[in-house]
Amino acid sequence: LQAKFCVALCSEQLLMRPWCLGELTTAFQGNVSTVLVRYPNFSFFDERTIEQFESVVPDINKLLVHGVDLYSVQQMLLWFPTNHNILL
């Protein structure tokens, strides 16, 4: 079953959790329409942080066994802010 929509509840730690990053990367790769519901304490990563992402979230390599690599996560992080945003 293919998801048609993804609603990301953007808490402060969302982009620090490998499993959340894996789900978001899967949505990105599947071209799933995504809406971001942003809590006030949420912030996007800048390009420099994304380039060095393996040092920011060292556990990111746990996703490799599920077919999600670092490059795919980095591409998702560049795409993520381009989605429709709702700020709480």
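Two strands are said to pair if DSSP finds at least two bridges between them, and the strands (E, at least two residues) and helices (H or I, at least four residues) named below are DSSP runs, numbered from the N terminus. The views show a predicted model, in which local features need pLDDT of at least 70 and side-chain atom pairs count only at pLDDT 80 or more, while totals for chains, interfaces and linings use all residues. Residues are numbered from 1 along each chain as its sequence is written, and side-chain values use heavy atoms, with hydrogens and water left out.

**View 1. The open sheet of E1, E2 and E3.** The 3 strands lie in the order E1-E2-E3 with parallel pairing, and the edge strands, E1 and E3 (84–87), each pair on one side only. Strands of a sheet pair through backbone hydrogen bonds, either parallel or antiparallel. Here E1 is joined to E2 by 6 bridges, and Cys10 has Arg38 as its bridge partner in E2. On the other pairing, 4 bridges join E2 (residues 33–38) to E3, where Val37 has Ile86 as its bridge partner.

**View 2. The two faces of strand E1.** The covered face of E1 carries Cys6, Ala8 and Cys10, whereas Phe5, Val7 and Leu9 belong to the uncovered face.

**View 3. Helix H1 crossing helix H4.** The axes of H1 (residues 18–29) and H4 (residues 70–79), which are lines fitted to C-alpha atoms over the stretch in contact, come within 9 Å and cross at roughly 75°. Angles of 65 to 115 degrees count as roughly perpendicular, and H1 and H4 are therefore roughly perpendicular to each other. In contact (heavy atoms within 4.5 Å) are Leu21, Leu24, Thr25, Phe28 and Gln29 of H1 with Ser72, Val73, Gln75, Met76, Leu77 and Trp79 of H4.

**View 4. The largest nonpolar core and Phe80.** A nonpolar core is a set of buried Ala, Val, Leu, Ile, Met, Phe, Trp, Tyr and Cys residues joined through side-chain atoms within 4.5 Å, where buried means under 20% relative accessible area with a 1.4 Å probe, counting protein chains only. The largest such core has 22 residues, and those with the most contacts inside it are Leu15, Leu21, Leu24, Val73, Met76, Leu77 and Phe80. E1 (5–10), H1 and H4 each supply at least two residues of this core, and H4 gives the most, with 4 residues. Leaving aside its neighbours within four places in sequence, Phe80 is in contact with Ala8, Cys10, Leu14, Leu15, Leu24, Leu36, Phe42 and Phe44.

Terms used: Axes are lines fitted to C-alpha atoms, for helices over the stretch in contact, and angles run from 0 to 180 degrees between N-to-C directions. Angles under 35 degrees count as roughly parallel, over 145 as roughly antiparallel, 65 to 115 as roughly perpendicular and the rest as oblique. Buried means under 20% relative accessible area, exposed over 50%, partly exposed in between (1.4 Å probe, protein chains only).
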